[in-house]
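Me: I have a structure to go through with you. Let us take the strands, then the charged pairs.

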Amino acid sequence: MTKHEELLHMLMNADGRFVSGEEISRNLSISRTAVWKHVNKLRDLGYEFEAVSRKGYRLLTRPDSIDAAGLQLALQTSVFGRKALILDSTLSTQGDVQQMAEQGQAEGAVVLAEEQTGGRGRFGRKWFSPPGKGIWMSILLRPEQPLRNTPQLTLLTGVAVCRAIRAHTGADAGIKWPNDLLINGRKMCGILLESAVEDHELRYCIAGIGVDVNFDLTDYPEDLTSIATSIKVETGQQVDRTKLTAAILNEMEHLYLLYQREGFDVIASLWEALSVSIHREVKVSNPQGDIEGTAIGLDPSGALIVEKKNGDRITVVSGEISLID
C-alpha cells in the first residue's frame, strides 16, 4: 500500500473527524511536509479535504468516479484486481483485456472504464455503457481446465456478481440462465465470457461484467425502458461504485479458488439458490425453433435442463431463454 493510500485509509476510518498532521506523520513515518504532499495527491484524484490549523485534516467528499486508491483499499484479494487499469473511456474493456492477455499479463488483471463506446453483450448485441453510471469491467482468467468446462465460468461469474450486489446493496438480485442478473424481472447486469483457444486447448478467458448501478429511469434509451433497471432505481439509494467493484472482485476470487479446489458442484448449488429460472416455465429460443417447458436444474457442464410438458427432457447448451409468467 502506498503512503497516500495509507493516508486515505486513516482519514476514511476517522468517519469525518479531523486527524492531526502529527498523528498522520507518526503513523506513516513521514514528515509533515510529506503529509501535505500526499493530501494534495489525493486532491488531484478527486478527494476533497478540510485542513484546519492545529486540528489537521478531515475527508469531506470522495470522487464519483471509480478511483484506483479506493479500490485497492477495499480489495481483500490476493490477485484479482491488484493489477487494475481504470480508463475514462474505451471502445470495450473486453478488447483491452484481450490485448493484455496476448502480451502475457497474469491472471486477475482487470480493466475498468467509466464509459464504453462499443460495449457488447451476447450474440454481438450492443451494451449501453454511458459514463459514470455503471461498472464496466473485464477480468483476465487463466484457468487450467478442459475447454468443455468454460461455460461453468459464466455461471461462476454470475454467482459472484449476484452475491456481491445482494450483500453490498441489499438489492434482491437473481440470475436468469445463463448470465443475466434481474431485479423484479428487469435486467440489471449482463456477463460475457470469451475464450481464446489454440490447438483445442484453452489459453485464457475474459469475464466481462456490465452492471447498471446508478442509472435513473430517464437515463435509458426508449428501447430499454421496459426491460432494464438499475440498483439505484430498485433500492432508491446511490451506490458507491468503487466499493461495489471491490465487492465483486472479492467474491469473484473467493469463488474462483473454491471452484478450483472443489469443482463445479458447489458453484452449481450456489447458482441454483440464486436462480430466477429454476422451477419456472421458460421458452427456449434457438436456431432449431422455440421450446417451452420447466427449467429443473443444471447438468454437470452448466447447461440448463428443461422438462417439456410431455415429460421429455432437453439440455440447453446455448440459446436465449425467457420466463413465462
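Me: In which sense do strand 1 and strand 2 pair, and over how many bridges?
Reply: The model is predicted. Strand 1 covers residues 48-52 and strand 2 covers residues 56-61.

Me: Which residue takes a positive phi in the hairpin of strand 1 and strand 2?
Reply: The hairpin has three residues between the strands. The phi in question is near 70°. The residue is arginine 54.

Me: How many residues lie between strand 10 and strand 11?
Reply: Strand 10 (residues 281-286) and strand 11 run antiparallel, joined by six bridges. Valine 282 has glycine 293 of strand 11 as its bridge partner. The two strands form a hairpin, and the number of residues between them is two.

Me: What is the bridge partner of glycine 297 in strand 12?
Reply: Strand 11 spans residues 289-298, and strand 12 spans residues 304-307. They pair in the antiparallel sense over four bridges. In strand 12, the partner of glycine 297 is isoleucine 305.

Me: Which residue of strand 14 is the bridge partner of serine 285?
Reply: Strand 10 also joins strand 14, and the two run antiparallel. Four bridges hold this pairing. The partner of serine 285 is glutamate 320.

Me: How many residues apart in sequence are the parts tied together by glutamate 102 and arginine 203?
Reply: The side chains of glutamate 102 and arginine 203 meet in a salt bridge, at 3.1 Å from N to O. Glutamate 102 lies in helix 5 (residues 93-102), and arginine 203 lies in strand 9 (residues 201-212). The pair therefore ties together parts whose separation in sequence is 101 residues.

Me: Is glutamate 102 buried, partly exposed or exposed?
Reply: The relative accessibility of glutamate 102 is 44%. Its salt-bridge partner, arginine 203, has 33% and is partly exposed. Glutamate 102 counts as partly exposed.

Me: Are aspartate 180 and lysine 176 buried or exposed?
Reply: The side chains of aspartate 180 and lysine 176 meet in a salt bridge of 3.6 Å, N to O. Buried means under 20% relative accessible area. Aspartate 180 has 10%, and lysine 176 has 11%. Aspartate 180 is therefore buried, and lysine 176 is also buried.

Me: What is the N to O distance between arginine 313 and glutamate 307?
Reply: Arginine 313 is exposed, with a relative accessible area of 57%. Glutamate 307 is partly exposed at 27%. Their side chains meet in a salt bridge, with an N to O distance of 3.0 Å.

Me: Which residues do salt bridges with shared partners join into one network?
Reply: Side chains of opposite charge can pair when their charged atoms come close. The structure holds 11 salt bridges. Some share partners, and the network they form joins Glu102, Glu198 and Arg203.

Definitions and conventions. Residues numbered from 1 in each chain as written. Predicted model: local features only at pLDDT ≥ 70, side-chain atom pairs only at ≥ 80, totals over all residues. Heavy atoms only, no water. Pairing = 2+ DSSP bridges. Salt bridge = Lys/Arg side-chain N within 4 Å of Asp/Glu carboxyl O. Buried < 20%, exposed > 50% of the residue type's maximum accessible area, 1.4 Å probe, protein only.
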